[in-house]
Amino acid sequence: MDIWLPAKAKNGEKQSLLSFEPYRNWKYKKIRVEPDKPKENSAFYVSEVKKLQKRNEKNTGIEFILDKSNTYGDFASLLNDMAIAQHDTYAYDLEKTGHLFATVNYIDPNVRELEYECLLCNDVIGINEVYKVTFFDEIQQFLIHLPKEAYYIIFGFLFLLNFSMLSIKERFQMSH
């Protein structure tokens, strides 16, 4: 399981852009995670996260309250529940509370897609002709796959054929 945690900021240091601070004042539903019980309550946690996704309310989420009695297994079980619910927006507050926050990924229902002119959109480019292999193509493919030594034999044959044609030509010429 991959877990990415931001660096913990030191006192007096400027907050990182990846800090949880911008999300701290959102409206969160608080759910206390009982130690060694997240596997048993997994269906409840997944259903709560799915309800959060369906509500699609801006600046809301679920705060899973973890304390010192919770184990790494409890934390891993919560992350597994996020994967089951297909909820990718969550944060672990290392700096102050140590709680896991499932934040809503708000999708504005009033947003319209921009319409623009597209010259090639929805066009189908196809070829109606079926390519037929010709005799010339077959010869080309045959010659491409020949070993190098075969070219010496073919060149020798053509060389001897050329001389034999010249000798036939000389024999049929009439002397004047």
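**Strand pairing and a buried loop residue**

Strands β2 and β4 (residues 100–103) pair in the antiparallel sense over four bridges. Gly 61 has Thr 103 of β4 as its bridge partner. The model is a predicted one. On its other pairing, β2 joins strand β1 (residues 27–32) in the parallel sense, over six bridges. Here Ile 31 is bridged to Phe 64 of β2. Helix α1 (residues 42–55) belongs with these two strands: β1, α1 and β2 form a right-handed β-α-β unit. Strand β2 spans residues 60–65, and five of its six residues are buried, so the strand is largely enclosed by the rest of the structure.

The chain as a whole contains four helices and four strands. Their order along the sequence is β-α-β-α-β-β-α-α. Of the 176 residues, 23% are buried. The chain exposes about 15000 Å², and carbon and sulfur atoms supply 58% of that area. Among contacts between residues at least 6 apart in sequence, 66% join residues at least 24 apart.

Ala 85 lies in the loop between α2 (72–84) and β3 (90–92). Its relative accessibility is 4%, so Ala 85 counts as buried, the cut-off being under 20%. Not counting residues up to four places away in sequence, Ala 85 touches Val 46, Val 49, Lys 50 and Gln 53. Val 46 is 39 residues from Ala 85 along the chain, yet the C-alpha atoms of the two are separated by 5.5 Å.

Notes:
Residues numbered from 1 in each chain as written. Predicted model: local features only at pLDDT ≥ 70, side-chain atom pairs only at ≥ 80, totals over all residues. Heavy atoms only, no water. Buried < 20%, exposed > 50% of the residue type's maximum accessible area, 1.4 Å probe, protein only. Contact = heavy atoms within 4.5 Å. Areas by Shrake-Rupley, 256 points an atom, 1.4 Å probe, with all protein chains shown as cover. Pairing = 2+ DSSP bridges. Right-handed = clockwise from strand over helix to strand, strands pointing away.
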